[in-house]
Amino acid sequence: MAAAVRLHTEVERFVRGEAIAVEVGEIERALGELWQQASASGDGRTAAVSRAALWNAVFLARGRGGLATAKQLVDEIAPALPTRALTLCLDDERASLDATIESNVVSQPGGARMVYSEEITISGPANAERHFGALVRALQIAGVPTATFWLDPAAPESLLSRELLAVTDRLVFDTTACVRPEQLFDVERIATTAQPLPITDMGWLRLGALRALFAGMFDPPIGGAPLVHARKITIEHRAGCDTSALLLLAWIGVQVGWRPLRAAQTSDGGVRFDFARAGQPVSGHLVPSDGPCGRSGILCVTLETGDDRYVLRRTALDQTLLQIPGVPPKPVKLDSPSDAELAVAALGSRGRDPLFVRCLSYARHLWSLEPDTAGSRR
Amino acid sequence: MLEPSGASSASAVLPNPLREGLAEERVPEPAAMVIFGASGDLTHRKLLPALYSLTRDRLLPARFAIIGFARRAVSDDAFREEMRAACSEFARRRPIDPELWASFARNIYYQQGEYEDPASFLALKQRLTEIEKTQGLHGNRVFYLATPPSSFASVIRSLGQAELAPKPAPPGTPKPPGAAPPFARVIIEKPFGTDLETARALNRDVHEALDERQIYRIDHYLGKETVQNLLVFRFANGIFEPIWNNRFVDHVQITGAESIGVEARGGYFEQAGSMRDMVQNHLLQVLSLFAMEPPIAFDPDSVRDEKLKVLKALRFIPESDFERHVVRAQYVAGSNGGQSVRGYREEPNVSPTSTTETFVALKLFIDSWRWAGVPFYLRSGKRLPKRVTEIAVYFKEAPHLLFGRRGESIRPNVLAIRIQPDEGIALNFGSKLPGPAMEIAPVSMEFRYGSSFGVEPPEAYERLLLDCLLGDSTLFTRADEVEASWTWVSRIHRRWAEEAAQGKTALATYPAGSWGPPAADRLLTADGRAWRLP
């Protein structure tokens with residue numbers, strides 16, 4: 001990310017050890033007690049503690065494993081972004097709703113202290129879903145926008161549509177978690193329902209650096225000619241990362257103006273798409289492969305014009321090699337941002353990228369193309 | 001020029017459709033940056049670390065070359081090693097990433113030459129063309145003048161003679177089809193002239209070789225996040241602009257304080273003094289952004305037009321009342337940061353009888369509808385207790401004080417805009433103390449960039465280098481702004497020169513580690529006010 005996450009090294013964490021009843025007044029009182037605790041400095045004096053908040057962030061988790069994953073992400077984001085994080089967990093092993101709270105405090109120059117982020121985790125059985133909307137409404141910090149992180153594609157959609165969308169100002173997906181491209185259909189449906197909310201996708205942001213590098217290959221003096229005259233594009237990806245590869249192909253297709261025609265499964269286990277641009281055929285290939293890659297799973301992108309090949313290949317986890325005809329191959333570092341960095345970016349200006357929704361729709365369209373005589377795609 | 005297969009010629013280059021709508025759209029086109037004065041302090045401390053940080057943040061294109069140019073004979077590899085050490089010490093993100101550095105360093109080159117020697121510039125042109133060819137660059141070039149100011153004119157002349165920076169087509173010329181032709185831009189460091197005459201002469205020299213649209217006069221204060229936030233603060237929030245005028249503002253204080261002395265720059269500072277070093281550029285630029293009218297658009301000329309109006313509206317210091325508006329002083333031995341420090345006249349390369357000011361305090365007025373009658377107090381100095389730059393806006397008292405007892409007054413509301421360090425904004429207001437009595441205590445509501453956002457603000461040079469590469473000159477100073485500020489400042493210098501000619505130099509002293517001389521305090525106490533302790 002351009003502005004990478006900076007974790008406050010001076011963060012102090014205040015935790016209310018035992019779970020408390022899910023009663024809004026009780027939660028706010030407990031947070032106030034943590035606030036008071038934070039205001040007592042080491043020398044026994046008390047100092048005013050202010051609070052910063054840019055976002056209310058709502059996370060949804062299912063089961064203990066899901067809660068642990070969500071909690072880890074929240075813990076990583078908390079010191080980096082002033083938020084009130086509300087983690088909602090549906091867990092069939094629980095008999096009732098309860099809550100735990102934490103408060104992260106930072107010291108400012110001059111000794112003042114500031115509550116930087118608050119974490120409220122509410123867990124309950126599956127039927128607790130109906131309470132979550134009201135709880136989020138009651139616990140939101142007033143006047144601060146709310147982002148809902150819908151990171152589990154299999155989470156109950158009714159919770160989002162009935163309870164959470166109404167209180168959400170930005171909806172965040174993570175399509176990297178879609179292990180099957182068909183799951184993009186669900187994401188697109190929710191995105192359509194949520195309109196006109198700003199929609200962002202951590203999977204899309206995860207591809208951001210790679211897209212920027214690939215786009216940079218066609219800056220002057222090369223220019224857009226190779227894209228316009230392309231005959232074939234091949235995206236090699238790790239098995240199970242078809243969704244990332246499909247979104248990447250969709251981005252190029254949308255931007256260059258390729259009209260999708262048909263799709264077919266190929267003998268190497270991949271998928272071939274046929275496009276047309278200005279009456280000329282173009283083929284796009286998603287090819288499963290092995291090699292070093294980040295969570296996006298993209299290993300190599302090759303664009304062929306007939307005579308020339310433009311290649312972006314990962315040579316190590318954080319290294320790529322750019323190959324442009326007429327220019328010596330150029331190694332370029334490519335970072336793999338952490339989930340916390342992506343989540344913070346999703347709440348920044350990069351989280352308002354209207355191109356994502358267009359590419360999502362195009363990707364869904366590609367995947368729903370009727371197979372040609374070469375065989376079924378799925 | 002590179003002729004890659006697949007692209008017939010530079011003039012027929014098609015626009016890149018993948019750039020359109022890319023969330024990282026602020027990545028500039030491939031380019032080469034030539035730094036004149038590559039062996040100097042600025043290159044080591046600021047420029048290369050800024051370029052490294054931009055690379056790290058993926059804000060520079062993958063195809064980007066840096067060519068250091070200076071008199072010293074150094075190999076490419078030796079220069080790269082020097083720059084690695086510089087980035088290791090000064091880059092915002094440290095330690096440096098070895099893999100990233102390896103890839104970054106491959107794009108760094110060094111070219112030895114003389115600033116006045118046309119042959120050196122022809123050699124530079126040849127080298128630059130070779131580098132552009134091997135790096136796959138389009139001919140986009142930025143030239144950074146980090147040289148001593150005495151070399152500015154000769155470097156610009158030589159750039160013109162060697163045709164390294166051709167002028168763009170005049171405004172209104174129909175654009176050729178395809179991608180834009182390559183650009184050539186020149187960044188000029190401060191000081192831009194030493195008075196009105198030299199600034200005008202330099203502008204003439206510059207305009208002979210270059211078009212004003214190619215020139216980026218840098219004042220790094222304008223690259224600071226809080227200075228830019230000043231515009232957002234004023235023009236994106238509905239509550240502040242209505243009170244940003246003489247009906248509500250009592251006075252404004254702008255402080256630019258440094259705790260360091262002149263260090264190794266005694267020779268330069270002897271010629272400059274605080275007025276040239278800080279006031280003419282940094283403080284007047286900050287003042288003009290603070291006081292300007294809302295621009296009609298956030299584009300370079302709209303913003304700079306409004307800043308210019310403020311500079312033109314500065315009332316000249318009245319000759320008859322000069323001492324009550326201008327105080328200059330020089331530091332003598334004192335204490336700073338727990339260390340005894342020497343006085344200015346004992347600094348290296350400083351005359352023992354020097355009358356150069358290391359501190360200046362000013363009371364000035366802006367003759368405009370908005371600011372009529374509001375005094376602006378400016379001060380800047382070296383060896384002050386701490387390094388701090390801030391604007392403090394003092395608001396008028398409530399019209400009827402309900403709560404003052406026994407002649408007590410309630411502290412005025414102060415909005416403090418901290419430019420450096422700890423960039424941020426604080427608002428002081430009175431609040432009732434808990435308890436039965438109606439006691440009022442001042443409280444401060446603070447917003448600080450460093451702790452309120454999860455991101456570090458970029459260094460000023462990062463922002464400004466990126467803006468130049470993107471062709472955005474909003475945060476750079478235009479020729480007429482420079483001349484307007486010199487017009488105002490030169491009147492003060494002329495008065496000082498007359499005093500010196502008459503043997504009547506009025507130069508106060510202040511101990512290092514103090515907030516300046518008593519005379520500076522009297523500028524405000526005479527008006528019933530006092531300097532804020534930042």
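Biologist: Which strands of chain B does helix α8 (residues 266-291) lie across?

Modeller: Helix α8 of chain B lies across β7, β11 (359-364), β12 (376-381), β13 and β14 (414-420) of chain B. This is a predicted model: local features need pLDDT of at least 70, side-chain atom pairs count only at pLDDT 80 or more, and totals for chains, interfaces and linings use all residues. Residues are numbered from 1 along each chain as its sequence is written, while chains are lettered from A and ligands numbered from 1 in the order in which they are written.

Biologist: At what angle does α8 of chain B run to β12(B)?

Modeller: At about 145°. Angles run from 0 to 180 degrees between N-to-C directions, with axes fitted to C-alpha atoms, for helices over the stretch in contact. Contact means C-beta atoms, placed from the backbone, within 7 Å. Helices (H or I, at least four residues) and strands (E, at least two) are DSSP runs, numbered from the N terminus.

Biologist: In what order do the nine strands of the open sheet of chain B come?

Modeller: The order is β16-β15-β14-β13-β7-β12-β11-β8-β17, with mixed pairing. Its edge strands are β16 (440-448) and β17 (508-511) of chain B. Neighbouring strands of this sheet are turned by 20° against each other on average, direction ignored.

Biologist: What makes β16 and β17 of chain B edge strands?

Modeller: Each pairs on one side only. Two strands pair if DSSP finds at least two bridges between them.

Biologist: How do you know that β7 (residues 249-257) and β13 (residues 388-395) of chain B pair?

Modeller: They share eight bridges, and pairing needs at least two, so they pair. The sense is antiparallel. B:V252 stands opposite B:V393 in β13(B).

Biologist: Where does B:R383 lie?

Modeller: B:R383 is in the loop between β12 and β13 of chain B. Its phi is positive, about 60°, although B:R383 is not a glycine.

Biologist: Which residues of helix α4 (residues 157-164) of chain A are buried?

Modeller: A:L160, A:E163 and A:L164. They cover an arc of only 110° around the axis, which puts them on the same side of α4(A). The arc is taken from the directions from the helix axis to the C-beta atoms. An α-helix has 3.6 residues a turn, so residues three or four places apart point the same way.

Biologist: What covers the buried residues of α4(A)?

Modeller: The cover includes β3 (55-62), α3 (129-139), β7 (146-150) and α5 (183-194) of chain A.

Biologist: What is the order of the open sheet of eight strands in chain A?

Modeller: β11-β12-β13-β10-β14-β15-β16-β17, with mixed pairing. The edges are β11 (259-265) and β17 (327-333) of chain A. The twist averages 15° from one strand to the next. Inside the sheet, five bridges join β14 (residues 298-304) to the antiparallel β15 (residues 309-316) of chain A. A:E304 stands opposite A:R309 in β15(A).

Biologist: Which strands of chain A does helix α3 (residues 98-105) of chain B lie across?

Modeller: β16 (319-324) and β17 of chain A. The helix runs at about 155° to β17(A).

Biologist: What makes the bond joining A:P220 and A:P221 stand out?

Modeller: The peptide bond is cis, with omega about 5°. A:P221 is in the loop between α7 (208-216) and α8 (225-228) of chain A. In chain B, the bond from B:K190 to B:P191 is cis too, with omega near 0°. B:P191 lies in the loop between β5 (184-188) and α6 (196-209) of chain B.

Biologist: What is the mean pLDDT of chain A?

Modeller: It is 83, and 85% of the residues of chain A reach 70 or more. pLDDT is the predictor's confidence in each residue, from 0 to 100. It stays under 50 over residues 1-9 of chain A, and is below 50 over residues 373-378 of chain A. Where pLDDT is low, the predicted coordinates should not be read in detail.

Definitions and conventions:
Buried ≥ 20, exposed ≤ 12 C-beta atoms within 10 Å, placed from the backbone. Contact = placed C-beta atoms within 7 Å.
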